[in-house]
Amino acid sequence: MAGPSSICISQITESDIPGAITAIQQAFADDPYNLWLYKDRSKLDLTRNSISLGIRCRWGMRNALFYVAKDSSAEEKDKVLGVAMWMPPKPTGTKESWDEWLEGWKLWAKQVGMNLWYGRGGLNVKRYWIWKQKQAEAQSEIWTDPHGYYFLNIMVVLPGEQGKGIGKALAREVTKRADEEGKRCYLESSRDVPNMKIYETMGFHFVKQMDCDDDGDICRLYCMVREPQGERQGERQGEPREGTRA
Ligand SMILES: CC(C)(COP(=O)(O)OP(=O)(O)OC[C@H]1O[C@@H](n2cnc3c(N)ncnc32)[C@H](O)[C@@H]1OP(=O)(O)O)[C@@H](O)C(=O)NCCC(=O)NCCS
């Protein structure tokens, strides 16, 4: 059974992708945001969903800080128990590189191809754009730090493995780097209970509730920020803390 001492965190590789997809699908099966976005469950197409996640994971492997957790003492040493994908900080004024532009374009083209072949697989397109709009608004309000934020974009642990320290070990891989660099981190949690308490143990604090409202059917997301901790923290003491503005 997994325990913190035998948990290994490594960068995702191609052979981890099927396990990562399983972990994401299982951990998000009853997630409020997922249930809101895929409103019509009769149309939910798990094959299409796996392909979509595969495209996203391969993009993340090249463009994000993307880690998997495994248990070195388990019989199935290669089984993916949890996944964390972070977007690196973008300091203010950073222009998109040609590589990033090309990668973004390839991601978009693959998704369009997938939609043409498989359809939307139950994804509610109107809700997707409501969420995107709210996310852009929240980030432009909260992301005031010119150094940018490490953005925890995906974080899951397999349901049977939760509560054993795996999520914390996954998060630490990047939070320790953020601390060394004196940078902030950010996430949007789709649950208040228990996730906000869990993320608080990792150093995050709540800054804003994001209400994605589709004619009264509301999906709530909880934006949280993490200040750098340790030595670099002192250097930033004079700076305003997010969530303290009007
Ligand atoms: C959120 C999630 C990634 C956390 O990973 P995890 O491995 O379960 O968390 P950990 O075991 O590392 O717990 C981290 C801390 O939270 C605490 N914690 C764990 N579960 C908790 C709960 N249900 N209530 C309160 N605290 C909890 C732990 O005690 C630990 O604190 P400590 O180090 O001070 O003892 C995982 O539970 C998950 O995948 N949930 C479902 C999918 C999801 O909601 N993902 C996030 C979307 S935003």
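A residue counts as buried if 20 or more other C-beta atoms lie within 10 Å of its own, and as exposed if 12 or fewer do. The model described here is predicted. Val125 has 10 C-beta neighbours inside 10 Å and therefore counts as exposed. Val125 belongs to helix α5, which covers residues 125–142. Although 88 residues separate Val125 from Leu37 in sequence, their C-alpha atoms are 8.2 Å apart in space.

Met224 counts as buried because 25 C-beta neighbours lie inside 10 Å. Its place is in strand β7, residues 217–226. Leaving aside residues up to four places away in sequence, Met224 touches Leu187, Ser189, Tyr199, Phe204, His205, Phe206 and Val207. For one of these residues, Phe204, the separation from Met224 is 20 residues in sequence and 5.8 Å in space, C-alpha to C-alpha.

## The packing of α1 and α3

Helix α1 comprises residues 17–27 and helix α3 residues 46–63; the two pack at an angle of about 120 degrees, and their axes are 10 Å apart. The helices are therefore oblique to each other. The crossing of α1 past α3 is right-handed.

On the α1 side, the contact is made by Ile17, Ala20, Ile21, Ile24 and Gln25. The α3 side contributes Leu46, Asn49, Ser50, Leu53, Gly54, Cys57 and Arg58. By type, the residues of this contact are seven nonpolar, four polar and one charged. As a general rule, an α-helix has 3.6 residues a turn, so residues three or four places apart point the same way.

## Buried residues of α1

Within α1, the residues Gly19, Ala20, Ile21, Ala23, Ile24 and Ala27 are buried. The packing partners of the buried residues of α1 are α3 together with the strands β2 (65–71), β3 (82–87) and β4.

## The shell around the ligand

There are 21 residues around the ligand, and those that come nearest are Gln162, Gly167, Lys168, Pro194 and Thr201. By type, the shell consists of eight nonpolar, eight polar and five charged residues.

Which elements each supply at least two residues of the shell? They are strand β4 (149–157), helix α6 (166–181) and helix α7 (195–201). The largest share, four residues, is supplied by α7.

Definitions and conventions:
Residues numbered from 1 in each chain as written. Predicted model: local features only at pLDDT ≥ 70, side-chain atom pairs only at ≥ 80, totals over all residues. Near = placed C-beta within 6 Å. Nonpolar A, V, L, I, M, F, W, Y, C, P; charged D, E, K, R; others polar. Axes fitted to C-alpha atoms, helices over the stretch in contact; angles between N-to-C directions. Parallel < 35°, antiparallel > 145°, perpendicular 65-115°, else oblique. Left-handed = near helix turned anticlockwise from the far one by under 90°. Contact = placed C-beta atoms within 7 Å.
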